[in-house]
Amino acid sequence: MTRPLFRFAPSPTGRLHAGHALSAFLNRDLARATGGVFLIRIEDIDPTRRDPAVIRAILDDLAWLGLISDRPVRFQSAHMDDYARALDRLRAFDLVEASVATRTRIRAAIARDAAAGRPWPADPDGAPRFPGDAAVLTAAERSRLLAGGEPVAGRLVMERALAIARPQAPSPADWEEFDPAAPLDPARRRPVPGDAAAWGHVVIARKETPTSYPLSVVVDDALQGVTHVVRGADLFAQTALHRLLQTLLGLPAPVYHHHRLITGADGAKLSKSLGSVSLADLRAGGATPADVRRLVGLAEQPGAS
């Protein structure tokens with residue numbers, strides 16, 4: 001029988017805060033409770049924001065909390081070939097559009113369409129849902145930019161992706177949420193209908209790297225054998241996109257649990273990019289790992305380090 005495998009996978013864009021601690025503790029605790037494996041993965045696909053000092057600090061914070069990976073830490077930046085191969089598989093199905101629609105061009109198109117009474121619908125994160133380069137540029141403009149060597153992003157052609165995926169799985173974006181009180185009991189799982197189309201023509205390869213968060217995370221989960229994905233509720237809706245990519249790429253589907261978020265005094269989700277109080281600050285102020293567990297609403301684990 002395959003051992004349950006859980007992972008905590010932060011992006012090294014800043015120091016960890018209490019919200020990260022909750023997710024990391026939950027993954028480690030569930031791995032221990034099920035006789036499973038706990039992994040740490042560093043999701044450092046963005047070369048413009050990859051800071052070795054921040055990565056070292058993240059691993060140091062986790063070690064201070066007693067959270068050590070049961071296997072060597074995987075760094076996404078060392079595995080770009082894995083993501084490039086997955087991207088090539090999607091291209092082979094003609095599912096990747098070479099997009100030259102920059103943010104400036106998209107904003108101009110949104111303003112133009114709004115003035116004409118044609119507002120763009122929002123994606124689940126509240127951003128305008130991108131319907132493809134044809135909504136932003138004429139065919140001639142796009143051809144000229146591509147011929148001139150304009151940097152391109154790879155966008156998933158959503159309508160075509162769903163058409164190809166549905167014969168493989170009638171509901172290719174659906175997933176199962178497991179009960180953290182009984183993570184190994186299939187009878188306690190809850191089916192969730194996923195709406196991948198709500199994301200539009202989403203970026204799956206950035207201009208500077210052959211991948212994106214959705215693509216690399218599903219590839220890594222499959223390669224590492226992740227069986228249970230435990231992460232914040234802010235990624236709940238995006239799971240539909242992940243499941244669609246898993247279906248298209250023939251990857252196994254983990255089960256999911258999206259936990260509550262830790263919010264600040266203003267009710268907003270904690271974010272390292274917004275300067276929320278870091279674990280390093282708590283540590284410097286004399287807090288202990290047990291204090292952090294209490295801060296995020298978790299009971300002390302008997303025998304936990």
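Hi everyone, let me start with a definition: a crossing of two helices is called left-handed if the near helix is turned anticlockwise from the far one by less than a right angle. Keep that in mind as we look at this structure, which is a predicted model.

Here is the helix pair I'd like to show you. In a left-handed crossing, α6 passes α8. Helix α6 covers residues 158-165 and helix α8 covers residues 239-249; their axes come within 10 Å and cross at roughly 55°. That angle makes α6 oblique to α8.

So which residues of α6 and α8 meet? On the α6 side we have M158, A161, L162, I164 and A165, and on the α8 side L241, L244, T247 and L248. Sorted by class, this contact between α6 and α8 has eight nonpolar residues and one polar residue, with no charged ones.

Now, over to the sheet. This is an open sheet of three strands, in the order β1-β2-β3, and the pairing is parallel. At the edges sit β1, residues 5-8, and β3, residues 74-75, each pairing on one side only. Strand β2, residues 37-42, is joined to β1 by four bridges in the parallel sense.

How values were computed
Residues are numbered from 1 along each chain as its sequence is written. This is a predicted model: local features need pLDDT of at least 70, side-chain atom pairs count only at pLDDT 80 or more; totals for chains, interfaces and linings use all residues. Side-chain values use heavy atoms; hydrogens and water are left out. Axes are lines fitted to C-alpha atoms, for helices over the stretch in contact, and angles run from 0 to 180 degrees between N-to-C directions. Helices (H or I, at least four residues) and strands (E, at least two) are DSSP runs, numbered from the N terminus. Angles under 35 degrees count as roughly parallel, over 145 as roughly antiparallel, 65 to 115 as roughly perpendicular and the rest as oblique. Contact means heavy atoms within 4.5 Å. Ala, Val, Leu, Ile, Met, Phe, Trp, Tyr, Cys and Pro count as nonpolar, Asp, Glu, Lys and Arg as charged, and the others, Gly among them, as polar. Two strands pair if DSSP finds at least two bridges between them.
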